[in-house]
Amino acid sequence: MDFATVLQILDSTVRLATPLLLACLAGLFSERAGIFDIGLEGKMLASAFFSAAVAAVTGSVWLGLGAGIAASLVMAAIHGAASISFRGNQLISGVAINFLAAGLTVVIAQTWFSQGGRTPSLIGAARFEPITLPLAETLQPVPILGPIYHELISGHTLPVYLAFALVPVSWWVLYHTRFGLRLRAVGESPEALDTAGVSVVATRYAAVAICGVLCGIAGAYLATALQAGFVKDMTAGRGFIALAALIFAKWRPWQALGATLLFGFLQAIALRYQNIDLGGVVVPVQVMDALPYVLTVVILAGFVGRAIPPRAGGEPYVKER
Amino acid sequence: MAGAAGGQRVPAIELRGISKAFGPVQANRDISLTVMPGTIHGIVGENGAGKSTLMSILYGFYKADAGEIRIGGQPNQISDSQAAIRAGIGMVFQHFKLVEPFSVLENVILGVEDGRLLRPSLARARGALKRLAEDYELHVDPDARIEDLGVGMKQRVEILKALYRQADILILDEPTGVLTPAEADHLFRILENLKSQGKTIILITHKLREIMAITDTVSVMRRGQMVATLETAQTSPGELAELMVGRKVLLHMDKKPAAPGRTVLAVENLRVTDIDGVERLRGVSLSVRAGEILGIAGVAGNGQSQLLGVLGGTLRGSGTVRIEGREIDLAARDAGQSRRAAGIAHVPEDRQREGLVMEFLAWENMIFGYHHDPACQRNRALMDNAAIRAMTAERMARFDVRPPDPDLPARSFSGGNQQKIVLAREIERNPALLIVGQPTRGVDIGAIEFIHQRLIALRDAGAAILLVSVELDEILSLSDRIAVMFDGRIMGERRPEETDEKDLGLMMAGMRGKAA
Amino acid sequence: MRDAMPKWADLVLIPLVSLVLAFGLSALVILAIGEDPVAAVRMMVSGALGSTYAWGYTLYYATNFIFTGLAVAVAFQARLFNIGGEGQAMLGGLGVALICLSLPWPHWALALPAAALGAALFGAAWAAVPAWLQATRGSHIVITTIMFNFIAAAVLNYLLVNVMRPIGSMDPATAKFPSGTHLPSLHDLLAPFGIAFSRAAPANITFLIAIAACVLVWLIVWRTRLGYEIRAYGQSEPAAIYAGIRPVRIVMAAMLISGALAGLMAVNNVMGEAERLVLNAVEGAGFIGIAVALMGRSHPFGVFLAALLFGFLYQGGAELALWTDIPRELIVVIQALVILFTGALDNMVRMPLERLFLALRRGRA
């Protein structure tokens, strides 16, 4: 394996990790506030369709992004209403949202575009274009570092940089702001927040809304940057890999970056090679597919560093006895 | 400010006619209370007397259905906790309201941050905690995580939270329930200190010794009502115990003298530690013989529940328990089943949580725990539901369960009839030992008499009965011997004819009595 | 204490109102995409119930959903949410394929019980790990069963591409099963009685097994000690412990039964219809089981009715997609709305109805 191949795989890792990272951070805000969300997949899918559809019609990727975020927020609002206001089962609500998105996107796509549940291919300003960072061309001849800067760091689309920037931002919001303190508190002990005179409901809705926005960016990235348009079920389980990464990261932002890069790397390998020959032992590609889930189960089982979810997660908050 | 209650001064707290119902349960009924500033006021009462509800209303956690609240003479709705905090009220709940993975500082500033960023708030709180620690002997490492702290320290954080919010009125709900005696003593020093600085303190407890030791005035609650408010100096533990328990229609049981036979239950050095690491049973030894009732008296929360739990198989413990000479495996995995096989029948204290499955029908509940009995099976695979229904109908008739319909779910029966179902199930098996907790809690008068008669009949039939009750009347009228539990230990033993409520009340308060 | 609502309202009215809401919204969706809901319903009815061919498909789908619905329902009785029916059914298919391909079966009557056993065992085995992790390590069973769905997909993908694919075939699928394993269709079963049933429709003898499974599940849950203990544990864990019921045992038992039921679905789709194991044979039926169990209130009879309804929706939806511009995915939308209203938004329907009944009672008193 030569240096160029390594760079290509890593470059592909970054691009594939981006939607996982955005969805993982989305889940992080929601679940840190005590609202379990297995509907990341559905929110991403809804956003992927609406962003692609609006971008295709208007020719503006920015309007597409806005539409994607709005669609994801609608899904988030349903999840919020079911799990916060109506104290329903958060898991069942998440399942419903995944199906709602899977069905509605294709139904509407077919109605609007009649292309077998797709949107038209996006071209030009309807997509996010790669951004060439300053001096990328100039520095390319520099050995090792030049290609790394040119291939790996430069030349990605805006949402990629945004996703990576959101890691320190999320960390800072969670651990250094009043909002973050209250958000973490409501996921661990809503009664502590309630007795401190802060609204549990408002804090949780805020968290669910952030989750919606981030899933919206993730979905828009899939349809308008990673690919050029929407196709049926294009999230392909990424919402669940993000969920796995979230558990793997034990609900912490920097670790989420590590987990999603790892899972993105596995996807990049699986995409490039059918089978991997490790000195005589052939590892089939399906091992790469399954590895994120296997690793998550191992972590959940608590054999390697126990993953303890936020204590109040999944439980509706009921004050009156 | 002076410590004693003055005649002309404005009360710190005034409650008038407070009522609160949860569904059909009237938790508080027309309660009025006046507390003067700079005093420590105690509120005593049994579990479920409505103390915690009243204080949660005062803290804005629940809304009263009716009544008026005045803080410092001003009418105040206290619509939510924020309003209570603004009115200068701080509360230390029985179950701490702390965020476990947070640091002490983060918990202290939660909800009263200075701005959008945490850093300035944390810095200010750090300084404030340092001063509070010096002023009130409240030393806590501000950077420690709550989950790493012991219960005593956690409680200190709760007090600090209240003081940081500049509370002038501090409510403590059962603050010593989880504390060691040394920690409790330290807490009382802190409270005295706060009082001397002019703070008003309300102490909710069921421990009479604490009331006598630290309060200036005391109110007694019973069944949602305020039955008395007294100067602590003018009362006695015995009087308070009587007020707490209340004088009911004394039911004189026509019972023959006991004819105790062989020893059925022999317990030695039984110990139980709960998940918080607090030792709830501290070496209990006792025995019960065939044909006698041993009554366990005591204020709730002194280890009686744990005693029942270990004997009934719902809790793990250490020590030895023998039934008719055969030792019971206290670590058995299917403890509930092996206890039944050994001849122990268990009427649990909380029938709605343990004794019955509320959604199950009466006939399903009638075999609960005994569903493996051959009598319940039609063949190797299926249960004989028809036979169980018939058996249930017959038992419901004999135990006067109303309505006598085996196909109603348990939740649709009244408390007394629910208890009769449990009792019928446990008694009809002719157990060697019946352990029974609070047999008449939430049960109407008519059913009480019926239940008492059944227990006596079972005794006369030769069963050994261990009776745990917080109702002194019940203990006195049913028991052949009475043991008093306090703080996880047996304080002493009496015969019913050689004792009275005052004597037992003192022992229940841990005041007197020779160790057994 | 009296209930706010009579029992019939809880069992029938609430699911009905939820269903009406779900269908009402679906009708709005159809309107929004410029189609006529009434015409759509008419077409669905004729396409799903209008001929024995249509019935044959409706019952075929219903058979799948009965198994996956029962799987979710049994776990619900123990208050466990088994979202892994999809993976368990995939593994069930593997069990069926291994058994059908390993022996030269002389007659389907011999192959059927063996294949059913294989399907149940493989499905149960796939549920066993999440169950054990939940029971002993407290790992959240919803997450682990989701993960196991994806792991199952990867395992099947590997086996079908690399191991079980016949030499020379480009298709990621096993060889055709030998004819000794071909199950009789409803056409074959009804012909001796002089009833003409479509030869082309995939409904087969497994439908009868599904009905038997409903009866068996009903017996297990409401007539055996195990079922008694499962229900007790599901209602109240402290009470179960008081009665000497071991939580670990109950979690394992409920999940093994649940996994076995999901696995049994493979007898219908793999052995009865495809007659070979293909990739993605389950086609989401595992998830539809969630909607079926929620709508059927976790009762076998309710599951049976809900499965018929979803069988109707699936076949009707396929017909719609064939003859109109309404895509098949409309059914996924309906399914989502059913799950949403009967599951997550239960309180939204329940609270106003409870208030209504209380007001009615007060009015009468």
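Trainee: How many residues of chains C and A are in contact, and what makes a pair count?

Mentor: In this predicted model, 37 residues of chain C are in contact with 36 residues of chain A. A pair counts if the C-beta atoms, placed from the backbone, lie within 7 Å.

Trainee: Which elements of chain C give two or more residues to the side that touches chain A?

Mentor: They are α5 (108-137), α6 (141-163), α14 (330-344) and α15 (346-364) of chain C. The largest share, eleven residues, comes from α6(C). These labels come from DSSP runs, numbered from the N terminus: helices are H or I with at least four residues, and strands are E with at least two.

Trainee: What is the make-up of that side of chain C by class?

Mentor: There are 24 nonpolar, nine polar and four charged residues. Here Ala, Val, Leu, Ile, Met, Phe, Trp, Tyr, Cys and Pro count as nonpolar, Asp, Glu, Lys and Arg as charged, and the others, Gly among them, as polar.

Trainee: How should I read the numbering, and what does a predicted model require?

Mentor: Residues are numbered from 1 along each chain as its sequence is written, while chains are lettered from A and ligands numbered from 1 in the order in which they are written. Local features need pLDDT of at least 70 and side-chain atom pairs count only at pLDDT 80 or more, whereas totals for chains, interfaces and linings use all residues.

Trainee: Now for the other interface: how many residues of chain B are in contact with chain C?

Mentor: Chain B brings 27 residues, in contact with 17 residues of chain C. On the chain B side, α10 (335-341) and α11 (351-355) are the elements that give two or more residues, and α10(B) gives the most, with four. By class, that side of chain B divides into ten nonpolar, ten polar and seven charged residues.

Trainee: Why does the size of chain B agree with that of a compact globule?

Mentor: For 516 residues, a compact globule would have a radius of gyration near 24 Å, and chain B has 25 Å, so the two agree. The radius is taken over C-alpha atoms, and the rule is 2.2 Å times the number of residues to the power 0.38. The C-alpha atoms of chain B fill a box of roughly 75 × 50 × 45 Å along the principal axes. Chain B holds 17 helices and 20 strands, and 49% of its residues count as buried.

Trainee: Why is A:Thr119 called buried?

Mentor: A residue is buried if 20 or more other C-beta atoms lie within 10 Å of its own, exposed if 12 or fewer, and partly exposed in between; these C-beta atoms are placed from the backbone. A:Thr119 has 28 such neighbours, so it counts as buried. A:Thr119 sits in the loop between α4 (90-113) and α5 (136-139) of chain A. Leaving out residues up to four places away in sequence, A:Thr119 touches several residues, including A:Ala52, A:Phe113 and A:Phe230.

Trainee: What makes α2(A) oblique to α11(A)?

Mentor: The axes of α2 (residues 40-58) and α11 (residues 238-248) of chain A come within 7 Å and cross at roughly 135 degrees. That angle makes the pair oblique, because angles under 35 degrees count as roughly parallel, over 145 as roughly antiparallel, 65 to 115 as roughly perpendicular and the rest as oblique. Axes are lines fitted to C-alpha atoms, for helices over the stretch in contact, and angles run from 0 to 180 degrees between N-to-C directions. Among the residues making this contact are A:Leu40 and A:Met44 of α2(A) and A:Phe240 of α11(A). By class, the contact has five nonpolar, one polar and two charged residues.

Note on methods:
Contact = placed C-beta atoms within 7 Å.
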